[in-house]
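Please read the following briefing alongside the sequence and the 3D view. It groups a set of computed features by topic.

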Amino acid sequence: MLDIKLICNNFNNVVKKLASRGYELDIKKIKTLLEIRNKFKTNTETLQNKRNIISKTIGNNKNYILKVQKLFVKVKKINHKLHKNILCLEVTNKKIYNILFKIPNLPHNSVPIKTNIEIIRWGVPKSFNFSIRDHIKIGLLNGDIDFELATKITGSNFTLIRGNLAKLHRALIQFMLDKQINDHGYEEMYVPYIINRTSLVGTGQLPQFNKNVFELEGENEYFLIPTAEVPLVNSVSGKLFNVNDLPIKLTAHSPCFRNEPVSYGTDSRGMLRQLQFDKIELVQIVHPEKSYVVLEDMTNHAEEILKALNLPYRVISLCKEDISFCASKTYDIEVWIPSLETYLEISSISNCEDFQARRIKTRFRINKDKAKPKFVHTLNGSGLAVGRCLLAVLEYYQNEDGSITVPDSLRSYMCGINRLY
């Protein structure tokens with residue numbers, strides 16, 4: 001959520017920045033509401049001052065009963081007006097906050113204007129001396145990926161994996177977690193896969209993306225998590241930290257459930273786009289002055305997984321119209337998919353600055369006694385999407401006979417298995 005003071009003090013600049021990312025702020029509506037808000041706020045302060053003055057007068061005239069009675073009548077009238085004024089102020093504030101919750105974050109000045117920019121490219125896609133198979137054919141050839149059974153059990157856009165391929169999927173999860181915990185100092189968390197509305201509002205999925213989350217029917221208003229970012233970020237909701245507590249580095253493995261429309265093109269076949277998929281999530285809660293250094297660090301943390309697996313990739317700085325709702329800046333990491341002969345997103349790393357922190361009211365204080373608390377900055381990213389990483393491994397490490405060579409970095413997690421099939 002944007003700072004209301006920032007909007008009021010830099011109105012034209014805020015409108016311009018939002019327009020640059022494709023969001024048109026209803027200028028007339030918000031200006032009108034701000035004017036009404038200021039009017040009720042001024043009236044409230046004026047009435048409170050009047051009441052305070054009369055209350056002091058009452059205290060100084062306790063012996064003059066008739067005068068005091070008249071003053072009490074005045075206070076009663078002021079209280080009545082004050083009550084109505086406060087109610088109107090609360091209603092106006094609610095209308096303003098309903099608008100604020102739907103306004104995306106402001107893009108950082110370094111974000112590309114209209115076109116995504118490739119920052120780096122690592123590794124050279126290898127050439128195969130045989131006709132390669134995509135991950136679907138590999139799975140069907142060996143019977144360890146079963147789309148038909150998953151569709152029968154649930155519906156389209158779900159996958160069932162079995163045998164050593166399921167073990168490889170699990171090995172990727174353990175490898176990714178160990179890398180982030182042991183090498184980069186993240187604290188592992190096991191989080192709920194069901195969350196409430198407040199948590200989704202806190203991280204910005206609601207109310208903007210109501211159609212993209214799975215809501216559960218029942219007495220309680222529950223949703224399936226679209227990403228572990230939601231419970232990880234909300235784990236610090238409402239907290240006031242000392243500056244020495246920062247940074248807070250959290251990671252979790254979880255399934256992710258996203259009710260997104262799936263097209264039927266080459267970029268959505270098989271495991272490329274699923275309604276349920278697994279992901280390793282990275283979250284950092286940091287000092288505002290350090291968040292853009294941390295953004296680079298977190299991107300490197302995700303990149304190291306692909307380097308360890310020797311999978312070619314590139315990093316893209318997303319333009320203003322493509323950055324996520326909560327983000328001020330986002331890097332996409334794209335892995336090479338041999339069958340498509342292109343790069344495909346496997347991670348997004350975003351700096352949300354204080355956008356989420358304002359929604360969940362998470363702050364820090366430099367000096368416990370004197371300094372006014374400030375909002376932290378939150379960052380999140382994938383380290384990585386497990387399903388897409390699995391299919392990249394299957395395709396990149398395939399052999400002509402249909403077998404899959406297990407990458408060196410995963411062999412200790414595979415109980416000594418060096419080759420599948």
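Two residues are said to be in contact, or to touch, when they have heavy atoms within 4.5 Å of each other. This is a predicted model, in which local features need pLDDT of at least 70 and side-chain atom pairs count only at pLDDT 80 or more, while totals for chains, interfaces and linings use all residues. Residues are numbered from 1 along each chain as its sequence is written, and side-chain values use heavy atoms, with hydrogens and water left out.

**Annotated binding site**

- An unreviewed UniProt entry places the feature "binding site" at Thr 227, Arg 258, Glu 281 and Asn 380. UniProt positions are given here in the numbering of this model, feature names are shortened, and annotations may be inferred rather than shown by experiment.
- Thr 227 sits in the loop between β7 (222-224) and α9 (229-234). Helices (H or I, at least four residues) and strands (E, at least two) are DSSP runs, numbered from the N terminus.
- With residues up to four places away in sequence not counted, Thr 227 touches Gln 205, Cys 256, Arg 258, Lys 279 and Glu 281.
- Thr 227 has a relative accessible area of 4%, so it is buried. Buried means under 20% relative accessible area, exposed means over 50%, and partly exposed is in between (1.4 Å probe, protein chains only).
- Glu 281 belongs to strand β10 (residues 276-286) and counts as buried because its relative accessibility is 2%.
- Neighbours within four places in sequence aside, the contacts of Glu 281 include Thr 227, Leu 250, Asn 380 and Ser 382.
- The side chains of Glu 281 and Thr 227 are joined by a polar contact of 3.2 Å. A polar contact is a pair of N or O atoms within 3.5 Å; within protein, one must be able to donate a hydrogen and the other to accept it, and residues adjacent in sequence count only if both atoms are side-chain atoms.
- The side chain of Thr 227 also reaches the backbone nitrogen of Glu 229, at 3.1 Å.

**Nonpolar cores**

- In soluble globular proteins, nonpolar side chains tend to be buried together.
- A nonpolar core is a set of buried Ala, Val, Leu, Ile, Met, Phe, Trp, Tyr and Cys residues joined through side-chain atoms within 4.5 Å.
- The largest such core has 55 residues, and Leu 168 and Leu 311 touch the most other members.
- Apart from residues up to four places away in sequence, Leu 311 touches Trp 122, Leu 306, Val 335, Cys 389, Ala 392, Val 393, Tyr 396 and Tyr 397.
- A second, separate core of 22 residues includes Met 1, Ile 7, Val 14 and Ile 99.

**Cysteines**

- A disulfide is a covalent bond between the sulfur atoms of two cysteines. Here it is assigned to a pair of cysteine sulfur atoms within 2.5 Å.
- The structure has zero disulfides. Cys 326 is in none, and the nearest cysteine sulfur, that of Cys 352, is 5.2 Å away.
- Cys 326 has 8% relative accessibility and so counts as buried.
- Cys 415 is exposed, because its relative accessible area is 67%.

**An open sheet**

- Three strands form an open sheet in the order β8-β14-β15, with mixed pairing. Two strands pair if DSSP finds at least two bridges between them.
- β8 (240-242) and β15 (374-375) are at the edges; each has a single partner strand, so one side of each has no neighbour in the sheet.
- β8 pairs with β14 (residues 363-365) in the parallel sense over three bridges, and Asn 242 stands opposite Arg 365 in β14.

**Backbone geometry**

- Most residues other than glycine have a negative phi, and most peptide bonds are trans.
- The peptide bond from Leu 206 to Pro 207 is cis, with omega near 5°; Pro 207 is in the loop between α8 (197-203) and β6 (215-216).
- Gly 383 and Leu 384 are also joined by a cis peptide bond, with omega about 25°, and Leu 384 lies in strand β16 (residues 377-385).
- Asn 157, which is not a glycine, has a positive phi near 70°. Asn 157 is in the loop between α6 (147-153) and β3 (160-161).
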